[in-house]
Protein chains: 2
Amino acid sequence: MSAATTLDNRPPEPDVARPGVVPPDVAEPHEGLSIALVARRTGVTAHTLRYYERIGLLAVPRDDAGRRLYGAAELARVVFITRLRMTAMPIREIQAYFRLVEEGPGNEDRRLALLEAHRDQVKARIADLESALGVIEFKIATYGGDCVP
Amino acid sequence: MSAATTLDNRPPEPDVARPGVVPPDVAEPHEGLSIALVARRTGVTAHTLRYYERIGLLAVPRDDAGRRLYGAAELARVVFITRLRMTAMPIREIQAYFRLVEEGPGNEDRRLALLEAHRDQVKARIADLESALGVIEFKIATYGGDCVP
DNA sequence: CCTTGACTTCGAGCGCGCTCCAACCCCTAC
DNA sequence: GTAGGGGTTGGAGCGCGCTCGAAGTCAAGG
């Protein structure tokens, strides 16, 4: 479920939607997806998307009426955030990371350091998880309901 | 600790315990470990050990003064609980599991079912984790600070 | 016109898993 | 006897990451 697959936006469109070939369900509006659409595509609730914005993880442009319009970049960021959250990166760290991103170019080394540190933690967590899984599997295999190896 | 330092004294006392020869630091006391000792051995704080007991994850026998004395079985259970927690099994499920254990023999199938279900979830989580890790590693490798694959 | 429904903001609330405090008890050492 | 360092209890508090409710705005449809 990569972002790219759902993001074939070719919006060199002038203004009003030209009746192109539009997938059943949901067409890209003029430019940008509504919050509900992003919610459905990413599996993140609209509530949580707003929450992410409130705490500064991303900034989403609005239409004339003040409604959020997620473009490709915003959608990609949401997806990336979900990957970071899925690996249990604390919100504070994600904030720190995107703060660096917002600062613009020049600090890529620090961003990389953050990501690499996190990557190492994830690897360690996977290792722990596998070790604990081993214990559980052993318990299952030798089931006696009581003690452990 | 204090147990070790006190052993050569022989206070003329009317009470029970006759101290044996005990190696320094961490010998098993008469029978059972103090909560502090278990905390140090398992890495679980004494607070949390009491909490686990409060919520019914285990029952720990007491000495005459009402202090907890962890035996081999209790220690083993604490260790097993840490393995379950390490794999993010919710406390409620752990409660459910040990409730079955306390019920005594006859429900091993249900206990096994619980453990096996959890094992499967852990495996799934590891897979998710590895997939998200892949995304992060890709991002690191192709670093451009911005979008995702 | 009025309704419907998706959106907006702000702020409060919640579930989880601890974590900590206060007050008290008990045992030993000095 | 007194101090100190363990232990005990019950209950309150906390940090995290959402999650939800209330009240309002806006645009389209009947």
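At what angle do H4(A) and H5(A) pack, and how far apart are their axes?

## Basis

This is a predicted model, in which local features need pLDDT of at least 70, side-chain atom pairs count only at pLDDT 80 or more, and totals for chains, interfaces and linings use all residues. Residues are numbered from 1 along each chain as its sequence is written, while chains are lettered from A and ligands numbered from 1 in the order in which they are written.

## Packing of H4(A) on H5(A)

The angle is about 155°, and the axes lie 9 Å apart. H4(A) is therefore roughly antiparallel to H5(A). Angles over 145 degrees count as roughly antiparallel, under 35 as roughly parallel, 65 to 115 as roughly perpendicular and the rest as oblique. Axes are lines fitted to C-alpha atoms, for helices over the stretch in contact, and angles run from 0 to 180 degrees between N-to-C directions. Helices are DSSP runs (H or I, at least four residues), as are strands (E, at least two), numbered from the N terminus.

H4(A) passes H5(A) in a left-handed crossing; here the near helix is turned anticlockwise from the far one by less than a right angle. From H4(A), Glu93(A), Ala96(A), Tyr97(A), Leu100(A) and Val101(A) meet Arg110(A), Arg111(A), Leu114(A) and His118(A) of H5(A). Five residues of this contact are nonpolar, one is polar and three are charged. Ala, Val, Leu, Ile, Met, Phe, Trp, Tyr, Cys and Pro count as nonpolar, Asp, Glu, Lys and Arg as charged, and the others, Gly among them, as polar.

## Chain A against chain B

Chain A superposes on chain B by a rotation of 180° with 0.0 Å of shift along the axis (RMSD 0.0 Å). That is the relation of a two-fold axis. Within chain A, Ile126(A) comes closest to the rotation axis, its C-alpha at 3.2 Å.

The interface pairs 34 residues of chain A with 32 of chain B, counting C-beta atoms, placed from the backbone, within 7 Å. H5(A) gives the largest share of the chain A side, 19 residues. That side has 21 nonpolar, four polar and nine charged residues.

## Surface near DNA strand D

Around DNA strand D stand 18 residues, the closest being Ala65(A), Ile91(A), Ala36(B), Arg67(B) and Arg68(B). Near means a C-beta atom, placed from the backbone, within 6 Å. H2(A) supplies the largest share, three residues. Seven residues of this surface are nonpolar, five polar and six charged.

Methods. Copies are superposed by least squares on the C-alpha atoms of residues with pLDDT of at least 70 in both. Two residues are in contact if their C-beta atoms, placed from the backbone, lie within 7 Å.
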